[in-house]
Amino acid sequence: MKESSVPAAQVVGRYRVIPIIQEQAMANISTAKATPAIQHEVGLPGALVADWHDKAISRLGTLLKERRGLQVFMDSCTKCGACTDKCHYFLGTGDPLNMPVARQDLLRSVYRRHFTFAGKWFPKLVGARELDKPMLEDWYRYFHQCSECRRCTVFCPKGIDTSEVTMAGRDILASIGIGQQYSQEIIAKVNRVGNNLGMKKPALIDVLDNLAEDISDDTGLAIRIPLDDASADMLIVTPSADFFAEPHVDGLIGMIKVLHVAGIRYTFSSQASEAANFALFTGQRDQMQGIAQRISTAAQALGVSRIVMGECGHAWRVAYSFMDTLVGGFDYLDPEHPRPEHICELTYELLKAGRIQLDPTRNDGKVVTFHDSCNVARGSGMGGIRRGQFIVPRALLKASVPEIIEMSSDATMQKTFCCGGGGGLLTDDLMELRIKGALPRAQALQAVVDSHGVTHLVAICAICKTQLSQVLPHHNLGDVQVTSLHELVGNAIIL
Amino acid sequence: MFDLALALSYSLALVWLVGGCAYRVGIWLKARNSLPIPLTPAPRTRSGVVMRLCLELFAFRSLARADKTTWLASLLFHYGLLWLAIVHLRFVFTSLPTFLIPFIQYSGWATLCVIVGLSVLLLRRLLVDRVRYVSAPSDYLHLMLLISIAVSGALLKRVWPVNLFEVGEFLRGVFRVSWVPLPDHAGLVVHLLLVLVLLLVFPISKLLHGVGVIVSPTFNQRDRG
Ligand code: SF4
Ligand code: SF4
């Protein structure tokens, strides 16, 4: 019997090797299913519906028509195996169902059974399977062991995006009554209150006032952090973790210093006090639309001409790649800045224009390395230049710290490894998965700690920051500080 | 009688092949592209996208990133197959066009590439535990079918020759829908039957993946930011 939880500070592994497959290795890991109350709140059935099989197949049929990628991916995989050793969850667990192609096959085998000639007539021959209860359980389990990071896509000769399959799988499951408690609860809260934490406006005012006071005490500047200020030009939308969690809040402080020094009239919004959009993870396009719309509505209500997103990976993907389509355009924005911008783009622009100055010696003694976040690296861009999502944050780092060390090239930029907690998996009940899934990142980090004495791991994603600070100690890397990029910028900025 | 049946099946199989592929690709294209999902960094221009697709189609770029052995084996197999497909154009013409002569000269090497490439892919499927885990019977059968086509073809060329002009007459008959008898040659019949199976399987299997590369939104969409 294997252990279901990993004891604190256990060293899980050191060297990046391809594991021998170990069937069922993670079969006992399953995240909590949504309660009926939460399911109902997000407009879904409270428990598994009676005709779940037919409903699931018909939902799959609908999704196949609505998502060309999904339809093509179902047909074009040749089982070449190129992706099999590319997923951090497979590398960390050895469970074969965590190989990207095997994960897709959970859905593909059912697709073949119901939507292809060969699968209808020769199911055994082509590996087609009926959707039965055990299969349903495998769907739930293994579609919640994928962080939708798209690393596998980088290596797939057909361009197959496993995250599209995972999202479709989760959407189908939620639609027949088995959503994931963690993500659905967050979606319910963001709809109800405006942010994932369920923090109401008075609480938000408190937090921002306290923060302003802290920064003022620290710097001697008179800092005020505006909320719902209709005279502002720019709406700032950060992940709500930035308001209180460590190390996130230090990044927020850095951002505020940048905005203050540049003299920008910005505001936060109580209605859109959350950058995150967990409906991306659950595959629910209607919810994703609604959550994105909230930002657009707030921006229009406040009459701002620019929207700037804080350090949040998947929020950036939604803002950069999807929001335009989801909310129907941005004609209300400044034509010079016609789409939501990333805080790194803004800071970089200010730096280049000489509106802020950075002094790297203020971060003396820190040896930093940069963790590219999946949704930024493989799902969006930055700065309007090719590979900008790699160039811009590194340029900011270079201006802010004396020494940057890159991790190995198969663990950075487009090939970056997920932190292990993305895609709606950042929940306590998946801790074992999260620790094991962080193995490749930990190995890459360990290498630069050994070779160059790296002290800080820098990220621009709230999920990455939370996940890495929680799991690195389990890989004996607790001494490495997980840090927001804008914390270092904030240290370096000349006030 | 058997000749006629085979010729008729070939004619029908060609219709099935073209119709079947068009039907499948039609399903792909009919599906809506609701949200843009290019794998970034993605090209920012249309010509950049064409470049990306060409790299994937002709150099198997992503596969090269993933695993060099599989990449090399796939290149050997696919380019060998392309070469041999060109060689088979000889059966379309009544007299041999000169441009085909170099292709025919080196067809032996091409066959070798195909057989070696396919064998490596088959061995990998059998020996690597991860690939074995995701393989269905059809995955092995596809490879074995292709290997037997290549081997039977090589035998026809080198060991057990057949009158090529008569084969050409037969195949031209298939295209013109005016069927003529086959040369009396059991090896040829085996080769033709195997190819017939390939034609039948092609549109309803993963063998259509080449078109899938072009239609995949992760490859063919631009970065519009
Ligand atoms: S790399 Fe792509 S085509 Fe190959 S097995 Fe994986 S998903 Fe299928
Ligand atoms: S998207 Fe990421 S987590 Fe999901 S299968 Fe691919 S590599 Fe693994």
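How do the residues of the shell around ligand 1 divide into nonpolar, polar and charged? In this predicted model, the shell around ligand 1 is made up of eight nonpolar, three polar and two charged residues. There are 13 residues around ligand 1, and those that come nearest are C77(A), C80(A), G81(A), C83(A) and C156(A).

Around ligand 2 one finds C87(A), H88(A), Y89(A), P100(A), R103(A), C146(A), S147(A), E148(A), C149(A), R150(A), C152(A) and T162(A). Two elements of chain A, α4 (88-93) and α5 (100-115), each give two or more residues to this shell. When the residues around ligand 2 are sorted by class, six count as nonpolar, three as polar and three as charged.

Why can the radius of gyration of chain A be said to agree with that of a compact globule? A compact globule with 495 residues would have a radius of gyration near 23 Å, and because chain A has 22 Å, the value agrees with that expectation.

The size of an interface is often given as the accessible area lost when the parts come together. Here, chain A and chain B bury about 4800 Å² between them, with 59% of that area on carbon and sulfur atoms. On the side of chain A, the residues that lose the most area to chain B are R68(A), K79(A) and R386(A), which together account for 14% of what that side buries. Counted by residues, the contact takes 72 from chain A and 49 from chain B.

Particular pairings across this interface can also be listed. The count between chain A and chain B is two salt bridges, and one of them joins R130(B) to D85(A), where the closest N and O atoms are 3.9 Å apart. Helix α3 of chain A, which covers residues 68-76, gives the most to the side that touches chain B, namely seven residues. By class, that side of chain A has 33 nonpolar, 17 polar and 22 charged residues.

Note on methods: Residues are numbered from 1 along each chain as its sequence is written. Chains are lettered from A and ligands numbered from 1 in the order in which they are written. This is a predicted model: local features need pLDDT of at least 70, side-chain atom pairs count only at pLDDT 80 or more; totals for chains, interfaces and linings use all residues. Side-chain values use heavy atoms; hydrogens and water are left out. A residue is near a molecule or strand if one of its heavy atoms lies within 4 Å of it. Helices (H or I, at least four residues) and strands (E, at least two) are DSSP runs, numbered from the N terminus. Ala, Val, Leu, Ile, Met, Phe, Trp, Tyr, Cys and Pro count as nonpolar, Asp, Glu, Lys and Arg as charged, and the others, Gly among them, as polar. Contact means heavy atoms within 4.5 Å. Buried area is the accessible area (1.4 Å probe) that two parts lose on being put together, summed over both. A salt bridge is a side-chain nitrogen of Lys or Arg within 4 Å of a carboxyl oxygen of Asp or Glu. The radius of gyration is taken over C-alpha atoms; the globule rule is 2.2 Å times the number of residues to the power 0.38.
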